[in-house]
Amino acid sequence: MHVADDRVADTGPVRRRCSPGGVALIVFALACAIGAAVVVWNHLAKRHHEQAFAHLASHTAEVVLTVDERFRAYRMLLRGGQAFLRSGDEVDLAAWRTYLQRLTFQEDYPGVQGIGFTLWILPGQLEAHTRAMRALGNEEYRVWPEGPRPFVSSIVVLEPADWRNARAVGFDMYSEPVRREAMDRAVHSGDAALTGKTTLVQETETDVQAGVLLYMPVFGDGMPTATEVERWIALRGWVYMPFRMARLMEHVLELHPDQVRMQVFDRVESPESLLYDSHPGVTTTGTGLVSTGSAILGGVEWIVRLEALPAFEADPDVRQAEFVSVVLVGILLVVTALFFSITRERATQLARTSEFLRRSEAKYSALVNLAHDGIAATDADFRLTFVNPGFVQLVGLDEAKLLGRALDELWSEGGGESRERILAHLGKGESKRYEVRLTRDDGSQLTVLASLAPLNDGWGRMKGVIALLSDISERKEAEQRIAHMATHDILTGAVNRLMFGELLAYSLAQARRAGHQFALLFVDLDHFKRVNDDWGHHAGDLLLCEAVRRMQGSIRSSDTLGRRGGDEFVVLLPEIGSEKDAETVAEKIRAAIERPFVLQGREVCISSSIGIALYPEDGKDEDELMGRADEAMYCAKLAGRNRACRAR
Ligand SMILES: Nc1nc2c(ncn2[C@@H]2O[C@H](COP(=O)(O)OP(=O)(O)OP(=O)(O)O)[C@@H](O)[C@H]2O)c(=O)[nH]1
């Protein structure tokens, strides 16, 4: 049974505050989330670095492969030239030029600056050669640089014959050490040979690039070339290709220039041997990601070095997605921890609330069971659903007989106020206190103070009534005794002087309004003093009490007997038809008093003198009437006592 439990939760100890355990859990979860994020982030960064390096190495291999393939193609092209120029006894330069012009090699072999033929001029043949060349129409032809050299070569054809290549015609490449080394190597091997780093004579003063040249020896047709000596004897010249490095390396790397820096070195990775740099002037990229590869091209090793630029290392979309994932996982961890913490906190609070409610219920149940007052609960129809032991005791009926009965069925004569009115009052949310008479099972009656309060459901509708019944019978009796003592004579029980005055005034007002008569009798016992004197004061008291009883028996219930004091009494007859009625009552009183009294086993006789005053004949107000009745009583005394006299 829950009594007044609507207020229990409000006074409970539950406070919405995060416990130290909850805070520690959240901090721990945060630390774990941050730690996990750092570990995952580091792992991802390391993996990224590895992937980037693999990516870079793959690009390096691609570059090496591309360059190698290109040089294979160049070699094949030069081999074609070697075969073409070997076909006749003399080198047919015109046919060679035509062949090259038709070859469209620049479209099919990217990076080639040109294809040319440099003639091997034997000692003593220089002048004849110069004349022969001039005879072909090139009147300004000359072999340069000038100066005495044992062996001379001269570029006699170089296609395309544009202005840049035209600068090279007549140049003795054998006079320049880097070129000579490659030319010698070509003869030595009988195959293509690439020079080291050099500068082409085609270069002007702007956009100067490093250059290399690829040579293929050309031998006289049908001449033995098995040994190096035979090859030198058979040598007619070299077909060759000059390369400007920047142009050669164009499109070799398919990556965007802001992602990778590419450098190509001639055999040694040093600034002096740098053939090509995609980002000249840059000292370092800062990423630390470097990959190198090498290729043997025409007998020379090239070192290809790729260095990742900041833009290469990260794939922004992937990095962003990973970053978002790490952050989301971190947030998820924290939210999960928060959720767990809050749930745990709520469970703890719920357990505390339940415990508080359980204790509270036990406390209130004990109070209800121990209460001396009757406590009951009813449904919305006022039918009892719960009674405590005090209620059972109060009503005197078993709990089984009480449950299901309407509460107001216990009231004597329905309790004065209708059930509908009481329920309507309670339905407004107001409580009700009223006194009712209750008939117990044994027929005895109690006065109870019923305190009723509505019991509402969660939506404010009255679902029943809580009733507290307090037995106030003793208090009511005491109140009545006190009220009686205030208005009646303690000894005899007759109305006292004060109350009689009130009743007389009321009768006077009534009579004035209605215009009817009423009578006032003044009764004084005769020689009462002797009773006291002869038989004692107690006997006198007993006589006074018996005299009052007899006088009460001589008048109607609507009449009033009052004691003025001592042995003086007054009788108010509020409605009389005539003077005769008053005289009749006076006579009845007189006769009743005259009968002997038995006091403490002894017979005592006494009489009374009675004065009669009538309203309105003998007086118009209380004092006048009382005075006239007193006077009439004295008249009766004077006339010999034991009689009634009318005021005159
Ligand atoms: N026992 C008793 N005596 C009382 C009480 N009140 C007054 N008396 C006595 O009643 C007597 C009244 O006497 P009085 O009325 O003076 O005279 P009486 O003896 O009745 O004589 P008359 O009135 O002249 O007939 C007094 O002796 C009072 O002391 C009382 O409450 N009890």
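Tutor: β15 (518-525), α16 (528-535) and α17 (537-554) each supply at least two residues of the shell around the ligand. Helices (H or I, at least four residues) and strands (E, at least two) are DSSP runs, numbered from the N terminus. The model is predicted: local features need pLDDT of at least 70, side-chain atom pairs count only at pLDDT 80 or more, and totals for chains, interfaces and linings use all residues. Residues are numbered from 1 along each chain as its sequence is written.

Student: What makes a residue part of the shell around the ligand, and which are the closest?

Tutor: A residue is near a molecule if its C-beta atom, placed from the backbone, lies within 6 Å of it. The ligand is surrounded by 14 residues, and the closest are D526, F528, K529, G540 and G566. With four residues, α17 gives the most to this shell.

Student: How is the shell divided by class?

Tutor: It has four nonpolar, five polar and five charged residues. Ala, Val, Leu, Ile, Met, Phe, Trp, Tyr, Cys and Pro count as nonpolar, Asp, Glu, Lys and Arg as charged, and the others, Gly among them, as polar.

Student: Why is β15 called mostly covered?

Tutor: A residue is buried if 20 or more other C-beta atoms lie within 10 Å of its own, exposed if 12 or fewer, and partly exposed in between, with C-beta atoms placed from the backbone. Eight of the eight residues of β15 are buried, so the strand is called mostly covered. F518, L520, F522 and D524 are buried on one side, and A519, L521, V523 and L525 on the other.

Student: What makes residues of α17 and α18 (579-594) count as being in contact, and which are they?

Tutor: Two residues are in contact if their C-beta atoms, placed from the backbone, lie within 7 Å. A547, R550, M551, G553 and S554 in α17 meet V585, K588, I589, A592 and I593 in α18. These contact residues divide into six nonpolar, two polar and two charged.
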